[in-house]
Amino acid sequence: MNHALRIAIVGYGIGGIAAAIGLRRLGHTIDHFERRDAVGVDGAGMLLQPPALALLADLGLGAGELALGARVTAFGAENLSGKTLTHIRYADHAAGSYALGIQRNHLIARMGDCDSGRERLFLSQRITSIDAERGILHAVDAPICGPYDLIVVADGANSPLRRNFSDQVIRDHPYPTAAAVACIDDPQNLAGDRLMQYFDGTRHVAVWPVGRCSAEAPPRANVSINIDLAHAQDFCDGGAWRSVVARHCPHLASLLRDDMGVTPIVYGYRDVAMHRLTAGRAVFIGDAAHSMSPLLGQGARMALLDAATLVQALRRQADLHGALAYFDRTSRANTQRLQIISRWLTPVFQSENHLSATLREVVQFAHHLPFIAAKARALLIG
């Protein structure tokens, strides 16, 4: 496009910030709206796969900017008897390749540092609906905002704005399981440099390093526990999570003191898919458009890729209609296969059903076959 647009972005998360950075570089004017009264307050651990790191580097976030994170060189799975179910090294896919464990609040803060126009960021703005044809935002306790040439909806998996477009939604429902996530001090780096999953029949614990809280703080390990959603909060409040982690990960037992003052945060996930990712002047990106289970670790990558695709569309296409059509076609092609795989595998890997537990071990052990291992590396790393 050869003229500047006035653009509103709803949601100051990974996809929203990436879109803001890229669109400002094209010369567009951005107003950014966030429902929270502060940014980067969520400290859950994340794993950034190599493609996500490449997309962040394009935004200006290289190894120096992400130095608080921790390199992850491999991922694997074991059962409690010590049997290796899966072991995949990133370097086997590409020399020097690695993932990065990092706390989400650190990533948001570093991305914000690269967002040179964040003076147009408006906090505590709960956008409840949009008029996609006129480019208007409706907010709680605020005047109508707009009109905008383009509205980018990046308000996450529980997007209230997506519900305004129910005719475009294929599915939108929560998974029956949740993740209980805690970050615990790991001054001796007991978690190592791997993402490891430990299985015991129907129970599963995943552990990976996520770097430091600050330049002075000791390293931290993130422990993710997937349990039935109906019991997740009681499980965390009662402290039962510590005994489960100690049983599955005895090498971390010394970190799990009763007085450690850590209570896991429970995260529920949604399965979201849309027929079209655009409507009028509005476009949906990231989890607002295609949320899935975190099983494959691709959420950040998909949000960043959506933002890059939108920037590419506005750069290449002569008009907004053509740009949105290009984005819709390209983004759905990028995510469709991952969504299908996630939808099939999630009930197997995040279920307390004993049959699912048996299938899980079969699927994991199949990674020992060279062809399956290559396909898994290409899916998760490539």
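The points below start with the whole chain and then go to single elements.

1. The structure is a predicted model. The protein chain holds 10 helices and 18 strands. Of its 382 residues, 53% count as buried. Among the contacts in the chain with a separation of 6 or more, 72% are between residues 24 or more positions apart.

2. The largest nonpolar core comprises 68 residues, and L23, L48, L56, M111 and L137 are those with the most contacts inside it. Helix α7, residues 299-316, supplies eight residues, the largest share of this core. Apart from this core lies another, of 16 residues, which includes V205, W241, V245 and M260.

3. L23 deserves a separate look. Leaving out residues up to four places away in sequence, L23 touches I7, I9, H28, I30, V152, L310, V311 and L314.

4. How do α1 and α7 pack? Helix α1, residues 14-25, packs on α7 at an angle of about 25°, and the two axes are 8 Å apart. The two helices are therefore roughly parallel to each other, the limit for that term being an angle under 35 degrees. The crossing of α1 past α7 is right-handed.

5. Sorted by class, the contact of α1 with α7 has 11 nonpolar residues, two polar and no charged ones.

6. Helix α2, residues 50-59, also packs against α7, at an angle of about 40° and with the axes 9 Å apart. That angle makes α2 oblique to α7. The α2 and α7 crossing is left-handed, whereas α1 passes α7 in a right-handed one.

7. Which residues of α2 and α7 meet? From α2 there are P51, A52, L55, L56 and L59, and from α7 there are R301, L304, L305 and A308. By class, the contact of α2 with α7 has eight nonpolar residues, no polar ones and one charged.

8. Helix α2 is mostly covered, with seven of its 10 residues buried. The buried ones are P50, P51, A52, L53, L55, L56 and L59. Their cover includes α1, α7, α3 (104-113) and the strands β3 (45-48) and β7 (99-103). L56, buried in α2, is also one of the residues with the most contacts inside the largest core. After α2 comes G60, which has a positive phi, near 110°.

9. Is C249 buried or exposed? This residue sits in the loop between α5 (240-248) and β16 (265-274). C249 is buried, its relative accessible area being 0%. Setting aside neighbours within four places in sequence, C249 contacts Y198, V205 and V207. V205 is also a member of the core of 16 residues. C249 and A191 are 58 residues apart in sequence, with their C-alpha atoms 9.5 Å apart in space.

Notes
Residues numbered from 1 in each chain as written. Predicted model: local features only at pLDDT ≥ 70, side-chain atom pairs only at ≥ 80, totals over all residues. Heavy atoms only, no water. Core = buried A, V, L, I, M, F, W, Y, C linked by side-chain atoms within 4.5 Å. Buried < 20%, exposed > 50% of the residue type's maximum accessible area, 1.4 Å probe, protein only. Helix = DSSP H or I, 4+ residues; strand = E, 2+ residues; numbered from the N terminus. Contact = heavy atoms within 4.5 Å. Axes fitted to C-alpha atoms, helices over the stretch in contact; angles between N-to-C directions. Parallel < 35°, antiparallel > 145°, perpendicular 65-115°, else oblique. Left-handed = near helix turned anticlockwise from the far one by under 90°. Nonpolar A, V, L, I, M, F, W, Y, C, P; charged D, E, K, R; others polar.
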